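Here is a short briefing to read with the structure open beside you. Take your time, and find each part on screen as you go.

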Protein chains: 2
Amino acid sequence: MNIELLNTGSELMLGRVLNTHQQWLCRRLADLGYVVTRQVAVPDTATDIQSAVREALSRADLVLVTGGLGPTSDDLTRDLIAQLLGKKLQRDDAVLDHIKELFAARNRPMPKNNEVQALVPEGALVLANPNGTAPGLAMKVASVVRGLAPGKSQTRKRLSPDPSARTQDAKWLVMLPGPPRELRPMFNAQVVPLLRHEFPLDAPFVCRTLRTGGIAESLVQEKIQPPLAALVAAGLDVGYCARVGQVDVRLSARGADGGEQVREAEAIVRKIFKAQIYGVDDEEIETVIVRLLTECKLTLAIAESCTGGCIAHRVTNVPGASAVFLGGFVTYSNEAKQKFLGVRAETLVAHGAVSEAVACEMAGGARLQTGADFAVAVTGIAGPDGGTADKPVGTVFIALAGASGTVVERRTNAYERETFKQLTAHQALEMLRRQVVSA
Amino acid sequence: MNIELLNTGSELMLGRVLNTHQQWLCRRLADLGYVVTRQVAVPDTATDIQSAVREALSRADLVLVTGGLGPTSDDLTRDLIAQLLGKKLQRDDAVLDHIKELFAARNRPMPKNNEVQALVPEGALVLANPNGTAPGLAMKVASVVRGLAPGKSQTRKRLSPDPSARTQDAKWLVMLPGPPRELRPMFNAQVVPLLRHEFPLDAPFVCRTLRTGGIAESLVQEKIQPPLAALVAAGLDVGYCARVGQVDVRLSARGADGGEQVREAEAIVRKIFKAQIYGVDDEEIETVIVRLLTECKLTLAIAESCTGGCIAHRVTNVPGASAVFLGGFVTYSNEAKQKFLGVRAETLVAHGAVSEAVACEMAGGARLQTGADFAVAVTGIAGPDGGTADKPVGTVFIALAGASGTVVERRTNAYERETFKQLTAHQALEMLRRQVVSA
């Protein structure tokens, strides 16, 4: 089965926004055992959208189209697809009522523009949008549109006249609204059941991702390729995905033996990398930390200089963080380090703010001030300026204070500012994770 | 001129990573006056990559391919494109030396796998990679490959035999490494000059984006469309891009009058939205804040409950933030609010932690503790749990303390946790911005 994803929007082509739909929809589909075979983004112009839809329908069984269902003049998807498929647009009163209610609930007048969002191509399934004004639309398209010609009159007669008639090889075209907070619940609640019903999987699919930290991508492959060779020959699929400081190993297989193959492969990889595996599937290190601390009834404080709140931000992205996270300090200045964390003036003078000694006093101070079981502290040089020969940009000291004392690590994370912050945050949380699991 | 972007990687199709290349490359090109007409992502399989490259070359003048130049077995781009274009791969000793040096500098042995990264298709330009092992590759392809057939023998004879021969309608195929920290400097330093040389713009291009906050997308259009109509008729292009709480208005035009058209349009839009425009082009609110505070020699402290460090993290993403940001507190618990910010127990008892009164005391306390000119404080319910009838999930109080007193706003940001945090951070910084510019 082929699935294609078509993201429409000139703002994508101009680089004004990140295409988060691609990752989210691809991952959701992969988790369900479906694979997106191609993703395409085009600007909001008639020829681009229509030719991309036509091409996608010629290859794929399911085409997901995102964006262009809004109320403004550059929202063309609905009209263009209806035109391409030779379908009339008809006002749907239930949809219009819903839009009016949404504006009423926000105490705002409904702009005239929004009325176009109640237009529905004839025969389309309306996917209700509880989180916004634009409904989604799902249309069954007879597979003979493979030869879809550009002309409207030509295409009209090729279409299945009744979308409720189930032909075995029909294709589906699903249009979803652009805002993620509208698209995601709509996909989960309405598209997934449709997908499962119309395109049932012919073989079970199993997938497991192991997330490693601190090992180079080529080394990861060099270590696991030979022991996994027999399983790969039997059908196991192994993929690698490297980010700064991390490599994900994705193990997947289809068929009756797939589950067993993936389990065996996981055991082999775990035996090789042991504690260097910090999580599975889409677990972030902060999710692992909040789960581990919650399970162990332990609490955490965080003192940040160069990461500037990044560690606290990531930890508090996890629902339930409030149960384990007692307090955070962002202390850029020496004064703040002294006043709020009790770092001593002598230590600052003797070693400088970016030093092992200051990191340790920051961690100790944060732990003491909050009464937390653990405190992590970082002090370093995020750049772009501030480096010296001894301590170049990217130098960072990460300290972890606990009941059994304080440990500290020096790292050189020579990346631009934001990558530096994220990598340092990952390392600090990973240091804590290893301490908690080994305790 | 048509530019297509082809992102290769099964990890993209599986949703394991975000395609940040699309946004970055599209924006860089748009800023330079070039527009990407189509972006495609395909998995790391021979048929998918080759058919996508063939199709892109049939439509576009420049095809940028990202990813698949790494050392592992799923890095196939180099081989497949060489095969498709009928080019032999040859070891480049300078590239191999560079790879060896990189490993030596990191004190790591070079895995045998990395040797494949020194293979270069005959006639290709090597784009040096100071930040990683994979060089980029640029290949001139005669436009007659428009009819590129799948067979190798067929394609070989269609190619321009000498890539240095400049035919007027030649196409370029540029392969870039996947890691952003390698791709971006390579694009800026080596691809941009190539692009300007090979594809000079035939008319000047001017583009300006005005970023608004707190106005619905349909209302933005309703207000500016009529006054901009004459300029649009004369060639001005107006685009909208909505995110939670924000709408960007992008004004662009080509040709000799383009600059004047965009300037006139900007004046019209500014007259309508005034202070609701917080920035231009790709300026984030935090960038504006750091710039304004630096210019005015003012300092900032931040006290966060429900945003958990998000505001501090965003402010400290801006280089130079250390000059204006004195300190941040992440005080989830009542104890932390009392101990570090001086929030009174009576206030917590009388009004609850999520209240106007507590937000004000947090801001006042943070200002007092740090001696900052301004302090922003937020307290609210990020969810998914913790809401009540009076204060549902999404309720937040944002306070701003300054020399002239403390102001507070109540908002209902009923979004999931991470959107809630980002939107609240934006609103808090926006409140500060308006205060600073009106002072």
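How many Å separate the centres of domain 1 of chain A and domain 2 of chain A, taken over C-alpha atoms? The two centres are 36 Å apart. This is a predicted model, in which local features need pLDDT of at least 70 and side-chain atom pairs count only at pLDDT 80 or more, while totals for chains, interfaces and linings use all residues. Residues are numbered from 1 along each chain as its sequence is written, and chains are lettered from A and ligands numbered from 1 in the order in which they are written.

**Chain A as a whole**

- Chain A is divided into domain 1 (3–198), domain 2 (205–280) and domain 3 (285–438); such bounds come from an automatic or database domain assignment.
- Along the principal axes, the C-alpha atoms of chain A fill a box of roughly 85 × 60 × 40 Å.
- Chain A has 15 helices and 17 strands. Helices (H or I, at least four residues) and strands (E, at least two) are DSSP runs, numbered from the N terminus.
- Of the 439 residues of chain A, 50% count as buried. A residue is buried if 20 or more other C-beta atoms lie within 10 Å of its own, exposed if 12 or fewer, and partly exposed in between, with C-beta atoms placed from the backbone.
- Take the contacts in chain A between residues at least 6 apart in sequence: 68% of them join residues at least 24 apart. Two residues are in contact if their C-beta atoms, placed from the backbone, lie within 7 Å.

**How the two chains are related and meet**

- Chain A gives 73 residues to the contact, and chain B gives 73 residues. On the side of chain A that touches chain B, helix H2 (residues 20–31) of chain A gives the most, with seven residues.
- The residues on that side of chain A divide into 32 nonpolar, 27 polar and 14 charged. Here Ala, Val, Leu, Ile, Met, Phe, Trp, Tyr, Cys and Pro count as nonpolar, Asp, Glu, Lys and Arg as charged, and the others, Gly among them, as polar.
- Why do the copies meet through the same surface? The reason is that 100% of the interface residues of chain A are also interface residues in chain B.

**A sheet shared by both chains**

- An open sheet of ten strands, with mixed pairing, has the order S17(A)-S16(A)-S15(A)-S13(A)-S14(A)-S14(B)-S13(B)-S15(B)-S16(B)-S17(B). Two strands pair if DSSP finds at least two bridges between them.
- Its edge strands are strand S17 (405–412) of chain A and strand S17 (405–412) of chain B, each pairing on one side only.
- Where the chains join, strand S14 (residues 325–330) of chain A and strand S14 (residues 325–330) of chain B pair in the antiparallel sense over three bridges. A:Phe329 has B:Phe329 as its bridge partner.
- Within chain A, strand S15 (residues 374–380) and strand S16 (residues 395–402) run antiparallel, joined by six bridges. A:Gly380 is bridged to A:Val396 in S16(A).

**Strands around S11 of chain A**

- Seven of the nine residues of strand S11 (residues 246–254) of chain A are buried.
- Strand S9 (residues 205–213) of chain A runs antiparallel to S11(A), with nine bridges between them; A:Phe205 is partnered by A:Arg254.
- Strand S10 (residues 237–243) of chain A also pairs with S11(A) in the antiparallel sense, over seven bridges. One bridge is between A:Gly239 and A:Arg250.
- The hairpin of S10(A) and S11(A) has two residues between the strands, and A:Gly245 takes a positive phi near 80°.

**Two loop residues of chain B**

- B:Asp74 lies in the loop between strand S3 (62–66) and helix H4 (77–84) of chain B. Is B:Asp74 buried or exposed? B:Asp74 is buried, with 20 other C-beta atoms within 10 Å.
- Leaving aside neighbours within four places in sequence, B:Asp74 is in contact with A:Gly239, A:Tyr240, B:Ser10 and B:Asp44.
- B:Gly123 sits in the loop between strand S5 (119–121) and strand S6 (125–127) of chain B. B:Gly123 is partly exposed, with 17 other C-beta atoms within 10 Å.
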